[in-house]
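Student: I would like to go through this model and ask what stands behind each label. Please give the value and the cut-off each time.

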Amino acid sequence: MFELDVRSRKAIYEQLVDKIKEMIVYGVLQPDEQLPSVRTLSGQLTVNPNTIQKAYRELEREGYIYSLQGKGSFVSSSVEHPNAAMRDEIRAALVKLIAEASYSGLTKADMTLLFEEAMARIEKGEPHD
(Lines give C-alpha, C1' and ligand atoms only; values in the text may rest on other atoms or scores of the structure.)
Protein backbone atom coordinates (compact mmCIF):
# COMPACT_ATOMS: atom_id res chain seq x y z
CA MET A 1 0.00 0.00 0.00
CA PHE A 2 2.86 2.41 0.82
CA GLU A 3 6.46 2.64 -0.29
CA LEU A 4 8.81 4.45 2.06
CA ASP A 5 12.40 5.41 1.33
CA VAL A 6 14.55 4.64 4.37
CA ARG A 7 17.48 6.48 2.75
CA SER A 8 15.49 9.68 2.30
CA ARG A 9 16.37 12.75 4.32
CA LYS A 10 12.66 13.14 4.99
CA ALA A 11 11.46 11.51 8.22
CA ILE A 12 9.51 8.25 7.86
CA TYR A 13 6.40 9.73 9.48
CA GLU A 14 6.51 12.70 7.05
CA GLN A 15 6.77 10.32 4.09
CA LEU A 16 3.79 8.39 5.43
CA VAL A 17 1.78 11.60 5.92
CA ASP A 18 2.56 12.66 2.34
CA LYS A 19 1.62 9.24 0.89
CA ILE A 20 -1.70 9.13 2.74
CA LYS A 21 -2.52 12.73 1.73
CA GLU A 22 -1.76 11.83 -1.90
CA MET A 23 -4.00 8.76 -1.72
CA ILE A 24 -6.82 10.85 -0.26
CA VAL A 25 -6.48 13.68 -2.78
CA TYR A 26 -6.41 11.27 -5.74
CA GLY A 27 -9.40 9.32 -4.45
CA VAL A 28 -7.56 6.09 -3.72
CA LEU A 29 -8.80 6.43 -0.15
CA GLN A 30 -12.46 7.44 -0.03
CA PRO A 31 -14.23 9.56 2.61
CA ASP A 32 -15.08 7.56 5.74
CA GLU A 33 -12.86 4.67 4.59
CA GLN A 34 -11.00 3.08 7.48
CA LEU A 35 -7.20 3.28 7.48
CA PRO A 36 -5.14 0.28 8.54
CA SER A 37 -4.66 0.05 12.29
CA VAL A 38 -1.40 1.35 13.72
CA ARG A 39 -0.36 -2.20 14.60
CA THR A 40 -1.22 -3.60 11.15
CA LEU A 41 0.54 -0.82 9.23
CA SER A 42 3.52 -1.00 11.56
CA GLY A 43 3.87 -4.70 10.79
CA GLN A 44 3.46 -4.23 7.04
CA LEU A 45 6.04 -1.45 6.85
CA THR A 46 8.30 -2.78 9.61
CA VAL A 47 8.18 0.65 11.22
CA ASN A 48 7.85 1.48 14.90
CA PRO A 49 4.16 1.85 15.88
CA ASN A 50 4.95 5.24 17.44
CA THR A 51 5.99 6.48 13.99
CA ILE A 52 2.65 5.39 12.50
CA GLN A 53 0.80 6.98 15.42
CA LYS A 54 2.70 10.24 14.92
CA ALA A 55 1.74 10.28 11.22
CA TYR A 56 -1.92 9.59 12.05
CA ARG A 57 -1.93 12.39 14.67
CA GLU A 58 -0.48 14.84 12.11
CA LEU A 59 -3.07 13.82 9.50
CA GLU A 60 -5.83 14.27 12.07
CA ARG A 61 -4.46 17.68 13.09
CA GLU A 62 -4.51 18.75 9.43
CA GLY A 63 -8.07 17.46 8.97
CA TYR A 64 -7.34 14.63 6.55
CA ILE A 65 -8.50 11.90 8.91
CA TYR A 66 -10.53 11.50 12.09
CA SER A 67 -10.40 8.89 14.83
CA LEU A 68 -13.16 7.08 16.65
CA GLN A 69 -12.33 5.68 20.06
CA GLY A 70 -12.01 1.91 19.83
CA LYS A 71 -12.82 1.83 16.11
CA GLY A 72 -9.76 3.30 14.39
CA SER A 73 -8.88 6.11 11.99
CA PHE A 74 -10.97 7.10 8.99
CA VAL A 75 -10.62 9.41 5.99
CA SER A 76 -12.35 12.73 6.61
CA SER A 77 -15.09 13.70 4.20
CA SER A 78 -14.17 17.39 4.51
CA VAL A 79 -10.85 17.00 2.68
CA GLU A 80 -12.41 17.84 -0.67
CA HIS A 81 -12.41 21.52 0.31
CA PRO A 82 -9.12 22.35 2.02
CA ASN A 83 -9.37 25.02 4.68
CA ALA A 84 -7.80 28.45 4.34
CA ALA A 85 -4.82 27.57 6.54
CA MET A 86 -4.02 24.57 4.35
CA ARG A 87 -4.25 26.70 1.20
CA ASP A 88 -1.95 29.31 2.74
CA GLU A 89 0.56 26.58 3.64
CA ILE A 90 0.47 25.19 0.10
CA ARG A 91 0.78 28.67 -1.39
CA ALA A 92 3.87 29.41 0.74
CA ALA A 93 5.47 26.10 -0.24
CA LEU A 94 4.81 26.79 -3.92
CA VAL A 95 6.32 30.28 -3.73
CA LYS A 96 9.44 28.78 -2.14
CA LEU A 97 9.68 26.05 -4.79
CA ILE A 98 9.19 28.52 -7.61
CA ALA A 99 11.95 30.73 -6.22
CA GLU A 100 14.28 27.72 -5.96
CA ALA A 101 13.40 26.61 -9.49
CA SER A 102 14.08 30.07 -10.85
CA TYR A 103 17.38 30.25 -9.02
CA SER A 104 18.38 26.86 -10.44
CA GLY A 105 17.81 28.08 -13.99
CA LEU A 106 14.23 27.13 -14.86
CA THR A 107 12.54 29.85 -16.88
CA LYS A 108 9.00 31.11 -16.53
CA ALA A 109 8.16 29.19 -19.73
CA ASP A 110 9.66 25.99 -18.26
CA MET A 111 7.59 26.37 -15.10
CA THR A 112 4.43 27.17 -17.07
CA LEU A 113 4.92 24.00 -19.10
CA LEU A 114 5.44 21.96 -15.92
CA PHE A 115 2.27 23.46 -14.44
CA GLU A 116 0.25 22.61 -17.55
CA GLU A 117 1.61 19.04 -17.57
CA ALA A 118 0.74 18.61 -13.90
CA MET A 119 -2.79 19.92 -14.42
CA ALA A 120 -3.30 17.61 -17.40
CA ARG A 121 -2.23 14.62 -15.29
CA ILE A 122 -4.57 15.65 -12.49
CA GLU A 123 -7.47 16.00 -14.92
CA LYS A 124 -6.74 12.47 -16.19
CA GLY A 125 -6.63 11.20 -12.60
CA GLU A 126 -2.99 10.18 -12.80
CA PRO A 127 -0.97 10.31 -9.58
CA HIS A 128 2.14 12.46 -9.43
CA ASP A 129 5.64 11.15 -8.85
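Student: Which residue is the bridge partner of isoleucine 65 in β2?

Tutor: Valine 75 is the partner of isoleucine 65. Keep in mind that this is a predicted model.

Student: What makes β1 and β2 a pair of strands?

Tutor: Pairing requires at least two bridges between two strands. Strand β1 (residues 65-68) and strand β2 (residues 72-75) have four bridges, in the antiparallel sense, so they count as paired. Another of the bridges joins leucine 68 to glycine 72.

Student: What lies between the two strands of this hairpin?

Tutor: Three residues separate β1 from β2, and glycine 70 in the hairpin has a positive phi near 80 degrees.

Student: Why is the contact between aspartate 18 and lysine 10 called a salt bridge?

Tutor: The cut-off is 4 Å between a side-chain nitrogen of Lys or Arg and a carboxyl oxygen of Asp or Glu. For aspartate 18 and lysine 10 the N to O distance is 2.3 Å, so the pair qualifies as a salt bridge. In general, side chains of opposite charge can pair when their charged atoms come close.

Student: Are those two residues buried, exposed or in between, and how do you know?

Tutor: Partly exposed covers the range between the buried limit of 20% and the exposed limit of 50%. Aspartate 18 has a relative accessible area of 31%, so it is partly exposed. Lysine 10, at 37%, is therefore partly exposed as well.

Student: How many salt bridges does the structure hold?

Tutor: It holds five salt bridges. One of them joins lysine 21 and glutamate 62, with the closest N and O atoms 2.6 Å apart. That pair links distant parts of the chain: lysine 21 is in helix α1 (residues 12-25), while glutamate 62 is in the loop between α3 (49-61) and β1, 41 residues apart.

Student: What distance does glutamate 62 have to arginine 61 in their salt bridge?

Tutor: Their closest N and O atoms are 3.8 Å apart. The limit is 4 Å, so this pair also counts as a salt bridge. Arginine 61 has a relative accessibility of 59%, over the 50% limit, and is therefore exposed. A network of salt bridges links Lys21, Glu58, Arg61 and Glu62.

Student: How do you know whether glutamine 15 is buried or exposed?

Tutor: Glutamine 15 has a relative accessible area of 8%, so it is buried. It lies in helix α1. Apart from neighbours within four places in sequence, glutamine 15 is in contact with Leu4, Asp5, Ser8 and Lys10.

Student: Which residues touch the most other members of the largest nonpolar core?

Tutor: They are Leu16, Ile20, Ile52 and Tyr56, in a core of 19 residues. The elements giving two or more residues to this core are α1, α2 (38-45) and α3. The largest share, five residues, comes from α1.

Student: What does leucine 16 touch?

Tutor: Not counting residues up to four places away in sequence, leucine 16 touches Phe2, Leu4, Leu41, Leu45, Ile52 and Ala55.

Student: What share of the chain is buried?

Tutor: Buried residues make up 24% of the 129 residues. The chain exposes about 9,400 Å², with 54% of it supplied by carbon and sulfur atoms.

Key. Residues numbered from 1 in each chain as written. Predicted model: local features only at pLDDT ≥ 70, side-chain atom pairs only at ≥ 80, totals over all residues. Heavy atoms only, no water. Buried < 20%, exposed > 50% of the residue type's maximum accessible area, 1.4 Å probe, protein only. Contact = heavy atoms within 4.5 Å. Areas by Shrake-Rupley, 256 points an atom, 1.4 Å probe, with all protein chains shown as cover. Core = buried A, V, L, I, M, F, W, Y, C linked by side-chain atoms within 4.5 Å.
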